[in-house]
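Good morning, and thank you for making time for this item.

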Amino acid sequence: MKRISKYSQRQTVQEFLNRETTSAWFLMLPSFVIIFGLVGYPLIQAFVLSFHFHKVTMPNLGHPFVGFKNYLSVLSDPYFWSSFQRTALFMAISLVLIFIIGILVAHLLNKEFVGNKLLTTVVIIPWAIPITVNAMMWKWIFNPSYGSLNALLTQLGIISEYQAWLSTPTSAMGVLILCDVWKNFPLVAILTLAAMKTIPNSLYEAAVVDGANGWQIFWKITLPVIMPSLMVTLILRSVDAFKVFDTVYILTSGGPYDATKTIAYFGYLETFKYLDFGRGAAIAFIMTLFIGLLAFGYYRLLNHGNN
Amino acid sequence: MNRRTSWQSVSVYFTASIVGLFAIVPPIWLFISSISTSSQLMELPLKWIPREPTFFRYFAIMFEKGNGSAAIFRQSVFNSTIVAVIVTLVSVSAGSLAAYATSRMRFKGRVEILFTMLFSYMLPPIIILIPLHVIMGNLGLIDSRLSLIIIYCALILPFAVWTLRGFFNTIPPDLEDAARIDGCSRLGAFFRVMLPLSLPGLSATSLLCFILSWEEFLIALVFTSSPASKTIPVAIAEFTHRYQIDYGFMAAGGVIAAIIPVVLSLVFQKGLITGLTAGAVKE
């Protein structure tokens, strides 16, 4: 008797679960079809492509299977590694600045002062400006002949003549980083501020009573609370910074002397300028592998921090 | 007030002004450039305040007939708007169903689905461009708004699902359970309880999807070329790569491209902040 009831109970649970699975998949069907059809299927095709010779400029050679040749040719290409290093440098400096400025601004906005609301509003503006407009705006500001930065610095007597900022390798990279930092520090500031607002004031007051100084309060109270949302933002920002393309395309087209040719731009040129689809696909998969490693590394870090 | 607090408040206002100026001066300069005459923009030394402010570029973009740059730019604004609105509607409606399933139901493949969503959001879009180009070519959709709409939906949907899931997770399941005990079906509970309660989340997600679609550049660059289909980012990029150009006109185009997302973000500021936060909660 007892056994039967147990059995029937289990069966209903099983049935319920099955029904749940069916209806869940039913709800996900539209999204699944769209994403699989337009991301999944092309992804498989691109993967196949990366193992074939496919140069649009040499149609007479056909598209033979070449195994890992495309990958080997990319991985042994010094231009690939130099654009990889450049991207890593861009990512590192840009992320450090975005996070330092973002956290400082959040700290500022968390204080009470007249104009606090207005400043929050103003800080959102750079975030909302489209990437291409942002790049165009900075290109105009740094224009070698009519740019406002040249005008400002000359009129203040800091420089004696107009500089071609975007034609010097180091300063071009600097402008690229500035452009990225300006657009993205608000995101970190907004998310950090939202996390900071969840900390009750009494906690700070108690810390002050216990004689904690500003740094101690930040390290021991604020940072642990804002950490989870900072980590998620860090993952998403790193991935975006690794893929940086739009800003490079408009600001410098990878120049001068390849000084701002990032890995995404390198892949773009290989595919759409030199029309080597096989190698282009290989570059894209190598990029994806790095993005996966990046995300996995952060994910481990995040979970480790929680335990 | 003792000396220490007054010094502190001075430093707060000082930092606040620096941050404020850093954020606002570049766009203000873009606006000033757009209302200055071309001759004044190319005058040395540069004058900061326009002598005779003029809005003729804005009027040209809004009303000029024919197929000059102004009319072409107006068409690109129209294209971007259509694409972004449709993409937002599709992503949020399909996305909310999937988000509900992944937030509330326990089923086989749930974790895998979530992982796939996140993965396709992180994918460098360049990877699927060549196969997509072939697919769109076979469908006869190259250089059309429809091709952008279809591709953007696929790329923005995972983001919509992820963000909406964050919102749904914050709504207590008890409310739905109560509705279901009262005889509501699962779908009924979703439409009558979940959706009305997550209206702020839906509007915040819509805003974010709209902005993502509005500013997308690489795919638009590869898939569109004629004035009838190219979007604002492509039009802006073309300005910056031209040698002979009225910088004021370029600036006016930039202001128009930026004004819609900026105004929307400021109007829905509160929702926007909760939207961004919902996307950033882990698991």
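Helix α8 of chain B, residues 173-181, packs against helix α9 of chain B, residues 186-197, at an angle of about 155°, and their axes are 10 Å apart. The axes are lines fitted to C-alpha atoms, for helices over the stretch in contact, with angles running from 0 to 180 degrees between N-to-C directions. Helices here are DSSP runs of H or I of at least four residues, strands are runs of E of at least two, and both are numbered from the N terminus. α8(B) and α9(B) are therefore roughly antiparallel to each other; the convention is that angles under 35 degrees count as roughly parallel, over 145 as roughly antiparallel, 65 to 115 as roughly perpendicular and the rest as oblique. The crossing of α8(B) past α9(B) is right-handed, a term for the near helix being turned clockwise from the far one by less than a right angle, anticlockwise being left-handed.

From α8(B), the residues B:L175, B:E176, B:A179 and B:R180 meet B:A189, B:R192, B:V193, B:M194 and B:L197 of α9(B). Contact requires C-beta atoms, placed from the backbone, to lie within 7 Å. The residues of this contact divide into six nonpolar, no polar and three charged. In that division Ala, Val, Leu, Ile, Met, Phe, Trp, Tyr, Cys and Pro count as nonpolar, Asp, Glu, Lys and Arg as charged, and the others, Gly among them, as polar.

Before I continue, a word on provenance. This is a predicted model, in which local features need pLDDT of at least 70 and side-chain atom pairs count only at pLDDT 80 or more, whereas totals for chains, interfaces and linings use all residues. Residues are numbered from 1 along each chain as its sequence is written, and chains are lettered from A and ligands numbered from 1 in the order in which they are written.

Still in chain B, helix α4, residues 69-104, and helix α7, residues 145-170, pack at an angle of about 40° with their axes 6 Å apart. That angle makes α4(B) oblique to α7(B). Here too the crossing is right-handed, and the contact residues comprise 20 nonpolar, seven polar and three charged.

Which loop of chain B holds B:S226? The residue is in the loop between α11 (218-223) and α12 (232-240). B:S226 counts as exposed, because it has 10 C-beta neighbours inside 10 Å; exposed means 12 or fewer other C-beta atoms within 10 Å of the residue's own, buried means 20 or more, and partly exposed lies in between, with C-beta atoms placed from the backbone. B:S226 and B:I72 are 154 residues apart along the chain, and their C-alpha atoms are separated by 9.5 Å.

Let us turn to chain A and its contact with chain B. The contact takes 72 residues from chain A and 75 residues from chain B. Helix α1 of chain A, residues 2-49, gives the most to the side of chain A that touches chain B, with 17 residues. That side divides into 53 nonpolar, 14 polar and five charged residues.

Within chain A, helix α5 (residues 131-141) and helix α7 (residues 169-196) pack at about 135°, with axes 10 Å apart. α5(A) and α7(A) are therefore oblique to each other, and their crossing is right-handed. A:I131, A:N134, A:A135 and A:W138 of α5(A) meet A:V175, A:L178, A:C179 and A:K183 of α7(A). These contact residues are six nonpolar, one polar and one charged.

Next, backbone geometry. Most residues other than glycine have a negative phi. A:Y257, although not a glycine, has a positive phi of about 45°, and A:D258, also not a glycine, has one of about 65°. A:Y257 lies in the loop between α10 (246-251) and α11 (263-273) of chain A, and A:D258 is found in the loop between α10 and α11. Are these residues buried or exposed? A:Y257 is exposed, with 11 other C-beta atoms within 10 Å, while A:D258 is partly exposed, with 15.

As for α11(A), eight of its eleven residues are buried, so the helix is largely enclosed by the rest of the structure. Among the buried residues are A:I263, A:F266 and A:E270. Just after α11(A), A:L275 takes a positive phi of about 55°.

Terms used:
Contact = placed C-beta atoms within 7 Å.
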